[in-house]
Amino acid sequence: MNEEQFKRSAALLSNFKTRSEITLEEIPAPQKLAKFAYALSADVSNGLIGDAERELANGRFVILHEPGGQDTWEGEFRCVTYLNADLETTEAEDPSLPEHGWNWLLKALSDNRCQFAAPSGTVTRSMSHSFGKLSTASDGGEIEIRASWSPIITKPEDLIGHLEAWCNLLAEISYLMPVPDGVASFRR
């Protein structure tokens, strides 16, 4: 893929529309990891308005492209992602949560028919307890997923599937209700 084709891919990604609870924004991409890069940030809310609105998760999605590839990538492209979501205490205490988090990523890619190679990453769960003047705050936890994979790209449009799978993963870790097929999700 040449520079012009990568720019076309980036334009497709910047015009991608996801469900209303997820806000995507283009951010500066890392400059030294590959010849071409494109990055988005995401904020996930509960979809409510005003004081009832609450942030549920956030993340970053980066597409790297190195013509000729890099040995560790097993391809010319690499998707790099970071996701973080709040959890209830009981969810954060589940020792199988990291395995579930990793399986959610792989399932999101598979469900979206994404072809990829060389997946790697970490899933971290953490818990917090409040004390002193903060003791009235509710205890809870977080899940953090840091992952990368090499998308198999035959045409620029193929990258859209990987971004859509990532948005589906964001919805999954945020415990958003699925949007039924044929139902439109309106932006606020």
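Modeller: Buried residues, meaning those under 20% relative accessible area with a 1.4 Å probe and protein chains only, make up 40% of the 188 residues in the protein. This is a predicted model, in which local features need pLDDT of at least 70 and side-chain atom pairs count only at pLDDT 80 or more, while totals for chains, interfaces and linings use all residues. Residues are numbered from 1 along each chain as its sequence is written, and side-chain values use heavy atoms, with hydrogens and water left out.

Colleague: In what order do the elements of the protein run from the N terminus on?

Modeller: Helices (H or I, at least four residues) and strands (E, at least two) are DSSP runs, numbered from the N terminus. The protein has four helices and six strands, and their order is α-β-β-β-β-α-α-β-β-α.

Colleague: Which residues of the largest nonpolar core touch the most other members?

Modeller: A nonpolar core is a set of buried Ala, Val, Leu, Ile, Met, Phe, Trp, Tyr and Cys residues joined through side-chain atoms within 4.5 Å. Here the largest one has 42 residues, and those touching the most other members are Ile 63, Ile 143, Ile 145, Leu 163, Trp 166, Leu 169 and Leu 170. Two or more residues are given to this core by each of α1 (3-14), β2, β3 (55-70), β4 (75-87), α3 (97-111), β6 (140-151) and α4 (158-173), and the largest share, nine residues, comes from α4.

Colleague: How many salt bridges does the count come to?

Modeller: Side chains of opposite charge can pair when their charged atoms come close. The rule asks for a side-chain nitrogen of Lys or Arg within 4 Å of a carboxyl oxygen of Asp or Glu, and by it the count comes to four. One of them joins Lys 107 to Asp 111, with the closest N and O atoms 2.5 Å apart; because these two residues are four residues apart in helix α3, about one helical turn separates them. Another pairs Glu 21 with Arg 19 at 2.8 Å between the closest N and O atoms, and both of these residues are buried.

Colleague: Is Lys 107 buried or partly exposed?

Modeller: Partly exposed covers the range between the buried limit and exposed, which is over 50%. Lys 107 is therefore partly exposed, at 49% relative accessibility, and Asp 111 is partly exposed too, with a relative accessible area of 48%.
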